[in-house]
Amino acid sequence: MIRRSPTRIEMRLDDLQEYEDIKKAHEAKKDPERKTSMNPPAWGGKVPQSEIQERIGYMQQPQQHPATHNRSTM
């Protein structure tokens, strides 16, 4: 159910230029070898977990070790 009329969104030339700059930076960041090696692995080959996570865009946070309690002896 629409509670208000839709808001009009207008694209400006600055927005388009910013998009192109971000797109170029993102493409330059990619490895050039990865673009050509998108062949599936050979039968029976196992794809590394890190490669799968990279493909789906999973960003693993650095794991923090739980704080250990140092008990002082009295």
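These are my notebook entries on a predicted model of one chain.

**Ground rules.** I number residues from 1 along the chain as its sequence is written, and I leave hydrogens and water out, using heavy atoms for side-chain values. Because the model is predicted, I ask for pLDDT of at least 70 for local features and 80 or more for side-chain atom pairs, while totals for chains, interfaces and linings use all residues.

**Confidence.** I looked up pLDDT, the predictor's confidence in each residue, from 0 to 100. The chain averages 76, and 58% of the residues score at least 70. Helix α1 has the highest confidence, at 91, and helix α2 (residues 32–36) the lowest, at a mean of 57.

**Fold.** I took helices and strands as DSSP runs numbered from the N terminus (helices: H or I, at least four residues; strands: E, at least two). I find three helices and zero strands, and reading along the sequence gives me α-α-α.

**Cover.** How much of the chain is buried? I call a residue buried under 20% relative accessible area, exposed over 50% and partly exposed in between, with a 1.4 Å probe and protein chains only. By that scale, buried residues make up 0% of the 74 residues.

My areas come from the Shrake-Rupley method with a 1.4 Å probe, and for residues only the protein chains shown count as cover. The chain exposes about 8700 Å², of which carbon and sulfur atoms supply 54%.

**Salt bridges.** I searched the whole structure for a side-chain nitrogen of Lys or Arg within 4 Å of a carboxyl oxygen of Asp or Glu, and the search gave three salt bridges.

- R8 pairs with E10 at 3.7 Å, N to O, and both residues are exposed.
- R12 pairs with D15 at 3.8 Å, N to O. I logged R12 as exposed at 56% relative accessibility, and D15 as partly exposed at 25%.
- R55 pairs with E51 at 2.8 Å, N to O. R55 is partly exposed, with a relative accessible area of 48%.

Why do R55 and E51 sit about one helical turn apart? They are four residues apart in helix α3 (residues 49–56), so about one helical turn separates them. A reminder to myself: an α-helix has 3.6 residues a turn, so residues three or four places apart point the same way.

**Patches.** I built these from residues with over 30% relative accessible area and no salt bridge, joining like charges within 9 Å and nonpolar side chains (Val, Leu, Ile, Met, Phe, Trp, Tyr) within 5 Å. Lys and Arg count as positive and Asp and Glu as negative, while His and the chain ends are not counted. I placed each charge at NZ of Lys, CZ of Arg, CG of Asp or CD of Glu.

Which residues make the nonpolar patch of about 470 Å²? M11, L13, L16 and Y19 do. L13 lies in helix α1 (residues 13–29) and counts as exposed at 58% relative accessibility.

A negative patch is formed by D14, E18, E20, D21 and E27. I found E20 in helix α1 as well, and E20 is partly exposed at 33% relative accessible area.
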